[in-house]
Amino acid sequence: MTFHHDPGKTMIQLQHVTKFFGRADNSVRALDNVSLDVAPGEIFGVVGQSGAGKSTLIRTINMLERPDSGSIVVADRDLTALPVGQLREARRSIGMIFQHFNLLSSRTVRGNVELGLEIAGVGSKERSKRSSEILDLVGLGDKSGSYPSQLSGGQKQRVGIARALASKPSVLLSDEATSALDPETTRSILQLVKTINAELGLTVLLITHEMEVVKSICNSATLLENGRVVETGKLVDLISTTGSRLARDLFPLGPVEPRSGGTVIDITFSGGTADRPVISQLSRTHGLDVSILGAVIETIDGNQAGRTRLELPGSPGENDAAIADLRSQNLLVEVVT
Ligand code: ADP
């Protein structure tokens, strides 16, 4: 079972999307000129504080909210330009999962998964074949006759995922899908999302307030603030971008606590620079006995990446020379104090 979309440039494209709520004299601009490109097969994370516009964004992508201006193209169809009938059809290429699962308690697991297919007029034999296949895929092959109340939170979300996959979408939208789950269940659901992304070639756009989710499965991310895109890009690029707030949130080193009044620097390592013996080099070449104030190392999108906070104990001139030397080796060095 594969749902591959012809490889194009983008799978989800938002151009200059603006959305207001309320009346003119008392309105909230929930989305302010948002433009985004999500490539086919990507797992794309949208992060931001509460009120940043994440829910509005995801609801706009499947046209549960109609934008006031701008366009939304999903799988080569401009949803903002479609008449209602065609929009309903186009929505079948977009599956969605929710924080609170939104399952029908009166229907069995199989009944929940097949609901959309019933509405779309798919025959019972085909429905049953498809739901069995998908329930196996999400690891619930033995639960098809159970009711939601008999399931754990993780199992309920698996049903939610199966229901979203039933119409063979090209895009999966995830609205805080792991926020109601404990850490271990969160990991297993994220792993499942990663598996269906890889096996079915499904493009995933997720909104979350948890950086851990972004760190563990996203290829790219966008930071929203007051309805605006503050930063966007592939994680591997963001982590080597000076001043990136997403990178700081991905690798939090906490507040700076200099000890000797020296210069505090953050060095970001990624890809080819991850295994440089920086500290011994500073000591050998520059005669500086650096202190390590903090360090985080992670695997981001399959690459080792991390950040180390060092205190250089030399005079300003000596420290500057050492920093220039590190930068000449393509290391990203940010001076903190
Ligand atoms: P997030 O999901 O990041 O918490 P939201 O998209 O829910 O942010 O909200 C963005 C802004 O739009 C907030 O100021 C919120 O109060 C406002 N908003 C969202 N939905 C509505 C609505 N249906 N009516 C009025 N204001 C809304």
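This is a predicted model: local features need pLDDT of at least 70, side-chain atom pairs count only at pLDDT 80 or more; totals for chains, interfaces and linings use all residues.
Residues are numbered from 1 along each chain as its sequence is written, and side-chain values use heavy atoms, with hydrogens and water left out.

Reader: Which element gives the largest share of the shell around the ligand?
Author: The residues around the ligand, including Phe 21, Gln 49, Gly 51, Lys 54 and Thr 56, each have a heavy atom within 4 Å of it. Elements are DSSP runs numbered from the N terminus, with helices (H or I) of at least four residues and strands (E) of at least two. Both β2 and α1 (54-61) supply at least two residues of this shell, and the largest share, three residues, comes from α1.

Reader: What percentage of the ligand's accessible area does the protein cover?
Author: Among the polar contacts (pairs of N or O atoms within 3.5 Å), a ligand oxygen atom lies 2.6 Å from a polar backbone atom of Gly 51, and a ligand oxygen atom is also 2.6 Å from an N or O atom in the side chain of Thr 56. Of the 560 Å² of accessible area that the ligand has on its own, the protein covers 58%; such areas come from the Shrake-Rupley method with a 1.4 Å probe. The value asked for is therefore 58%.

Reader: Which element gives the most to the lining of the largest pocket?
Author: A pocket is an open set of points on a 1 Å grid over the protein atoms alone, with protein on both sides within 12 Å along at least five of seven lines, and lining residues have an atom within 4 Å of a point. The largest pocket holds about 720 Å³ of space, a volume being the space filled by probe spheres set on the grid points, which are joined across faces, edges and corners. It is lined by 21 residues, with Arg 91, Arg 92, Ile 94, Gly 116 and Ser 167 nearest its centre. With five residues, the element that gives the most to this lining is α3.

Reader: How many residues of the lining of the second largest pocket come from α6?
Author: The second largest pocket has a volume of about 220 Å³, and its lining includes Pro 183, Arg 187, Glu 210 and Ile 217. At least two lining residues come from each of α6 (183-200) and α7 (211-217). The largest share comes from α6, and it amounts to six residues.

Reader: What volume does the largest cavity have?
Author: A cavity is a set of grid points where a 1.4 Å probe fits but cannot get out, and the whole structure has one of 30 Å³ or more. Its lining includes Ser 174, Leu 190, Leu 206 and Val 213. The space in this cavity is about 90 Å³.

Reader: Which strands stand at the edges of the open sheet?
Author: The four strands follow the order β2-β1-β4-β5 with antiparallel pairing, where a pair needs at least two DSSP bridges. β4 (residues 69-74) and β5 pair over two bridges, and the bridge partner of Val 74 in β5 is Arg 77. One side is left without a neighbour in the sheet because each edge strand has a single partner, and these strands are β2 (28-38) and β5 (77-78).

Methods:
A polar contact is a pair of N or O atoms within 3.5 Å; within protein, one must be able to donate a hydrogen and the other to accept it, and residues adjacent in sequence count only if both atoms are side-chain atoms.
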